[in-house]
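Subject: Structure handover

Hi,

Here is the structure I promised to pass on. My notes on what turned up in it follow below.

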Amino acid sequence: MNKSLVTTIILFGIIMVGLIFLITYKMYQSNNNSEAEIDYVIGVSQPNLLEPWQISMNEELQQEALKHQNIRVIYTDAAQSTQQQIDDINALKGYDIDLLIVSVEDSIAMTPVISNVYNEIPVIVLGRGVEGYNYTLYIGTDHYLIGEMAAEATTKLLGNQGGKVVEVQGLTSAVQAEERSRGFREKINQTKNIKIVNTLVANWQRDKAEDELKALLETSGDQPDLIYAHNDAMALGVYKALHSLDVDHVKIIGSDGVDKINGGIQLVKQKKIDTTFITPTGGKQAVQYAIRILAEDSEIPKKIILRNHEVSSQNVDDFYLKRNELNEHLGKDEKVTLGFAQVGNESAWRTANTDSIIKAADHENVDLQLKNAHNNQEKQIAIMREFIKQKVDVIAFSPLVEHGWEEVLQEAKNAGIPVILSDREIKVQDNSLWTAFIGSDFVEEGRRAAQWIVDHMESSKDTAHIIELEGTKNSAPATDRKLGFKEVLENHHNLHIIDSLLGDFTLGKGKEMMEKALQQFGSEIDIVYAHNDDMAIGAIEAIEEYGLRPGIDIKIISIDATNKAFKALSTGKLNFTVECNPLLGPQIMQAAKELKNGREIPMRIITSEETFTQEEAKKEMKKRNY
Ligand code: GYE
């Protein structure tokens, strides 16, 4: 056998051995990598994996988790049994998970379970909410808004002659079923010629919807003109029932809009149902935020509300186009010009907010134009018109008041310029006039302020006289902080607001109004509830000049938790403050960049906030950066 042949065979042998070694080593390494470098174990608890929507949520979670070698995810499926879900969560805790991602069906039963877990580890509630705020982050959609959108679609589908409607509800103990039904009914009740004639409960299940509707139609014989089912699975059940009874004139509305067999998109394409609403599952965002939470990122919001999209026979084909467009934009990172119409310089909070926006723009390399409207709505509108003329990429503004923005927002929309609402929301019929809201839950802030009073009354029988110092009239923070405060006070008849005075969020007006109140009520005043710190500081000065001791003779509660408030807490002149985070710059810049690069952003990003007593303030004071 000639020499070269022998060499070739030996060489070939060496290469083969080398290759086999490499492949085995790679396999060993990947196994070892997944073992050795697992930093975090995440538990995922699903209420069921029967519905297309819940299945697509799990797929999105899995796809995103695969991108992160250093996490291990354990999935559980409770098969529509609440008790099983409780057992699953306890089992997951047994595996020492570092974070729980949970989607619930039975919000009432699961809320206390989740609160307990939250006492130990971070919890992300996904898609379907729980009551209260005992979790790290909620990612989901606005279920009340879905109900409203279904009502608008009903009006469109039934036309001027209106008609009879049957509502098919999900699990009644589920927050989302209650919110969808309330949104739907409150809107339908505003119409004259549409009547909800029957309500069925089918617990999100297709077969139950089919059986319930068949039974109803066979007994009543009274056919509706339209049926609104809280999800597509039940809408398919409705279709099957009508089909089996040869009824084909009834319109059907579903919800979830998953692009799968028997998913809403397919059902609309097959003309089995008329309309559905794409409800993003949030699976991808949940994994992304889980990693940030475990890495102790300090800027984790409290709620992320994703936008729903209506799909009907009119636009179902565009759905695929839009989705492809979105995919095309992935990875794009063009420079963005942002026009920010700031509301004014009325408070320490506002100064910190403006500062955060300027710093973040610099840090994120955003071309920022920030103009100040000095608390004048006409001026703020003029500034936004200026930005539209300049063709900025994105406009953001902090609306002075809730009303009067339709015209200028329509002009921005016509110009193709998306608008971000910064820290304050507005009231408009058409929510497509704005793209995203980034800010706080002012109603919850008002509740927290009132709760301190309730918790600190000697006894529930003690009567207390409260002076309320209100922020700018018709502004979202003033309206909602009043609402949340009153909501709690309603259950405590011994707590009386003896007067509400307009302090306009400024120290000067706050002081002036407090002087007026002291003139009128003097030492009868037990408590001052100020919608922001600046008015509270003004009230403290007025009380001292009147000869009473702020924080002692008159208790004072404020909202914002700026440095001013911390100083007053540490000297005992202020009793309690509710945080309202002004550092919105980084999230606004992130949102503006996403929009410029054609990517979808959440409809609402609600910041995570604390409360501070005098004791807590002394501990926290040094760490505060505004
Ligand atoms: O609480 C107050 C400012 O819009 C949240 O406006 C903001 C409010 C803040 O004047 O200090």
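L409 touches M384, F397, V419, I426 and L433, leaving aside residues up to four places away in sequence; contact here means heavy atoms within 4.5 Å. Before going further, please note that this is a predicted model, in which local features need pLDDT of at least 70 and side-chain atom pairs count only at pLDDT 80 or more, while totals for chains, interfaces and linings use all residues. Residues are numbered from 1 along each chain as its sequence is written, and side-chain values use heavy atoms, with hydrogens and water left out.

L409 also belongs to the largest nonpolar core, which has 42 residues; L409, M384, I395, F397 and W405 touch the most other members. (A nonpolar core is a set of buried Ala, Val, Leu, Ile, Met, Phe, Trp, Tyr and Cys residues joined through side-chain atoms within 4.5 Å; buried means under 20% relative accessible area, exposed over 50%, and partly exposed in between, with a 1.4 Å probe and protein chains only.) Elements that each supply at least two residues include α6 (175–188), α13 (377–389) and β15 (394–397). Helices (H or I, at least four residues) and strands (E, at least two) are DSSP runs, numbered from the N terminus. The biggest contributor is α5, with 7 residues. Because domain 3 (143–255) and domain 4 (337–437 + 593–606) both give residues to this core, it lies between them; the domain bounds come from an automatic or database domain assignment. Another core lies apart from it, with 31 residues, among them A241, L267, I273 and V316.

Now for the ligand. There are 13 residues around it, of which E346, D423, R424, R481 and D560 come nearest; a residue counts as near if one of its heavy atoms lies within 4 Å.

Helix α10 (residues 283–294) has 12 residues and should span 16 Å at 1.5 Å a residue; its end C-alpha atoms are 17 Å apart, which agrees. That expected span is 1.5 Å times one less than the number of residues. Buried residues in α10 include V287, I291 and L294.

K271 is exposed, with a relative accessible area of 65%.

Best wishes
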